[in-house]
Amino acid sequence: MIPELGQVFLVAALASALLQFLGGISSLSKNIPNIELFVERTTAIQTFFLIICFGLLTTSFLQDDFSVLYVASNSNTALPIAYKFAAVWGGHEGSLLLWVLILAVWTLFLSKDKALKSLPELRIQSLSILGLISLGFLIFILYTSNPFERLLPIPIQGRGLNPLLQDPALVIHPPTLYAGYVGLAVPFSLAVASLLTVNNHQWAKHARSWTILSWMFLTGGIALGSWWAYYELGWGGWWFWDPVENASLMPWFVATALMHSLIITEKRGLFNGFSILLAITAFSLSLLGTFLVRSGVLISVHSFASDPQRGLFILMLLAFFTGSALIIYSIKQKKNRSEKLHPFSRESLLLLNNVFLCASAGLVLIGTVYPLILEMLDLGKISVGPPYFNFVILFPFIPLLIFIGIAVFSNWRNDSKNILKKVLPILFLSLALGLAFPFIYGWSSLLTLVGIYLALWTMITGISPLIRNQFSIKKTLVFMPMMLGHIGLGLMILGITVTSSYGITFDDSMSIEQSSRVGDYEFKLTEIGKRNGPNYLAQFASIEITKDGKYIQTVYPEKRVYDSSSMAMTEAGIEANLFRDLFIAVGEDIGGGSWSMHLQYKPLLRLIWYGPIVMMLGGLIRVFLNKRNEEAYQ
Amino acid sequence: MLPRHKRLLGILVTLIGVTVAITLILSSFQDNLLYYVTPSEAIKKIDDDQSKFRIGGLVEVGSFKRKDGSLQSRFVLTDGIESVEVNYIGILPDLFREGQGIIVTGKFDKMKIFIATEVLAKHDENYMPPDIHALKESTS
């Protein structure tokens, strides 16, 4: 009964999405009384129906209703209850339902945005466009990926959730990332709605907070995914340039550019067209990400059963939304009023860095999509290795980081006077501080030093408004989002540089009472044993870590075999503090009483995830505390 | 310098910079392309001038060898027609086992043994390199 009810509400949500779209779009040509209220109501109703749908699917999971195909494929009775919730979005169908649900929630929040009520036309059309996007995905769900499909005969037991996904970080990673992906639909809809209606730069002011909000979720989602990959996938890497990772990074680059471009469009009314294009690109890349992850063209942790029909459908949605948005842009966009730009004015520097961010997205796109296209055309199978990405990303990023610091000191409109004079002390300060690193860690390479300088430069220029205002928090509150954003970025760059340059990674064979040396640390294997978990059997090692004979910690890396599958999972033993991570993973029994072990020493690794947290904090302050503050400052 | 000359110089420098960057990027792209082949195709490449590439195939049942306590392992990768002997030093992935589809990255040495620097088994017990999957379907 419950699944059928779910089905009904899914269709009902589709109907409301259709009305939401049609109502909005029909008011474009003629004046219909009360249409604003109509669109607002259908939005609320659609969201309400989708929440019910999602609730019903969750109920099926909690009741272990294996007559539902999706439940049977992604859960079983032994699954701990928290993971039954997570299993709702653990597979393809449920994760798409989550996708539309999150879209509906974003739409609902947009419809409650009080400030937007002053521009009814823009408001109606953007809600209508969001309704259309929701409509497309609801058809997709009902047509190819129905989570409520029944299974006959009813199995006694379900297949269980993929053991890789049975992890706390993985419970929140998909919703966070999705919230970011889908949130980019909001600036997209505002940009296109603006083209269709008022056709000026007013949308930018409203799109900014929404962009920052979804950018925060995207940042958090990517960081969570990286953290999870580090401790769960087994081998202690934090970024693999895997196509699914790239799929989330590309929209992040463009969303970051959009966030900054909207500042110029809002404050100066400039680059309106560029901002619109960025909004379209950001959402298109989100859709591309959904396609890459959900279509099964990639074989990875994230892809489930591959069904060519699904891939084709998402590709069609992508082509439709991007294509029509670009057509509307080419017809409606008015020529920007030209204005002479001073090369060192804030708008020029922001523009320059946005170009670098787009270039980064482009370079990642080439490396990600080229192998897929080649394979589709049957020209051979290739993959693009991480060295490509690691190398080419430096080209846009080194100048980007240089200009970030300069842009902080620049002014709107004018070439800032004596910008060099203001910047020089900080430059020398970061050069001096940067020299400390080779002393602590030893000499690595010139590139390492450049990375450290740029990280410090980004951080110190980021803090500079505080110094300039004699450390008055009140006076600097308005700069806080920028400061935290840049400091977070600097921390992350520092973490990446130091970890990649000074980290130690190797495999070793170890037997009981034998030690292995990793940098200054001694890892000693003291015991190998077995342990029973709730739905798995684990082989664990106990490893004593010492430094210069001083005991630090004992860690227990495990190798788990889950009941529901024969697949072994590696749980690493990690001893971490702010300054370094010590990592050990059990390989296998290699005979003769020895085990293969994977050992790592990674200095400043944590900064790679703390950086994004600081950045998100900046966004949080901007969206929830500073909006009024900033307006007062204008 | 006249302002016009200054601008000209600026454009010139930018152009040169962009050209150099694009050249480096393209060459890096070329250098880091990993071709993916089956064991049958790999056999043909033995005598070629080699850069790293990938072979996808099944680990032949009964071919896995390892000296006790050593990280070095040997196994044979096959597509049912040809097979390649692989040597690897390091930890094998969790899903590595005989009969399983895997991917190795590396190149041949002078003894015609494939020296792998990386062994991948995907995170799905039902995963099989696509070509092998097609092969299995056609033979069974």
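Let's start with Gln553(A), which counts as partly exposed because its relative accessibility is 34%; on this scale buried means under 20% relative accessible area, exposed over 50%, and partly exposed in between, with a 1.4 Å probe and protein chains only. This is a predicted model, where local features need pLDDT of at least 70, side-chain atom pairs count only at pLDDT 80 or more, and totals for chains, interfaces and linings use all residues. For bookkeeping, residues are numbered from 1 along each chain as its sequence is written, chains are lettered from A and ligands numbered from 1 in the order in which they are written, and side-chain values use heavy atoms, with hydrogens and water left out.

Back to our glutamine. Gln553(A) sits in strand E6 of chain A, residues 550-555; helices (H or I, at least four residues) and strands (E, at least two) are DSSP runs numbered from the N terminus. What does Gln553(A) contact, leaving aside its neighbours within four places in sequence? The partners are Ile543(A), Glu544(A), Ile545(A) and Glu575(A), with contact meaning heavy atoms within 4.5 Å. Phe523(A) is 30 residues away along the chain, and its C-alpha atom is 9.9 Å from that of Gln553(A).

Over in chain B, have a look at Ser40(B), in helix H2, residues 39-45. Ser40(B) is buried, at a relative accessible area of 17%. Not counting residues up to four places away in sequence, Ser40(B) touches Asp79(B), Ile81(B) and Glu82(B).

Now let's zoom out to the domains. Chain A is assigned domain 1 (1-166), domain 2 (167-353), domain 3 (390-502 + 609-633) and domain 4 (504-603); such bounds come from an automatic or database domain assignment. Take domains 1 and 2 of chain A: their centres, over C-alpha atoms, are 21 Å apart. In the contact, 38 residues of domain 1 of chain A meet 44 residues of domain 2 of chain A. Together these two domains of chain A bury about 3900 Å², 79% of it on carbon and sulfur atoms. Buried area here is the accessible area (1.4 Å probe) that two parts lose on being put together, summed over both.

How many salt bridges are there between domain 1 of chain A and domain 2 of chain A? The count is one, a salt bridge being a side-chain nitrogen of Lys or Arg within 4 Å of a carboxyl oxygen of Asp or Glu. Arg310(A) and Glu93(A) form a salt bridge with their closest N and O atoms 3.0 Å apart. Helices H4 (81-87), H5 (92-111) and H6 (120-144) of chain A each give at least two residues to the side of domain 1 of chain A that touches domain 2 of chain A. H6(A) has the largest share of that side, with 14 residues. By class, that side of domain 1 of chain A holds 25 nonpolar, ten polar and three charged residues. For the classes, Ala, Val, Leu, Ile, Met, Phe, Trp, Tyr, Cys and Pro count as nonpolar, Asp, Glu, Lys and Arg as charged, and the others, Gly among them, as polar.

Next, the interface between the chains. Chain B brings 29 residues to the contact and chain A brings 38. The two chains bury about 2900 Å² between them, 63% of it on carbon and sulfur atoms. One salt bridge is found across the interface of chain B and chain A: the side chains of Glu588(A) and Arg66(B) meet at 3.1 Å, N to O. On the chain B side, H1(B) gives the most, with five residues. The residues of that side divide into 14 nonpolar, six polar and nine charged.

Let's stay with that pair across the chains. Arg66(B) is in strand E3 (residues 65-66) of chain B, and Glu588(A) in strand E10 (residues 580-591) of chain A. Arg66(B) counts as buried at 19% relative accessibility, whereas Glu588(A) is partly exposed at 23%.

Arg208(A) lies in helix H9 (residues 202-232) and Glu266(A) in helix H10 (residues 243-268) of chain A, so the pair ties together parts 58 residues apart in sequence. Arg208(A) is buried at 6% relative accessibility, while Glu266(A) is partly exposed at 21%.
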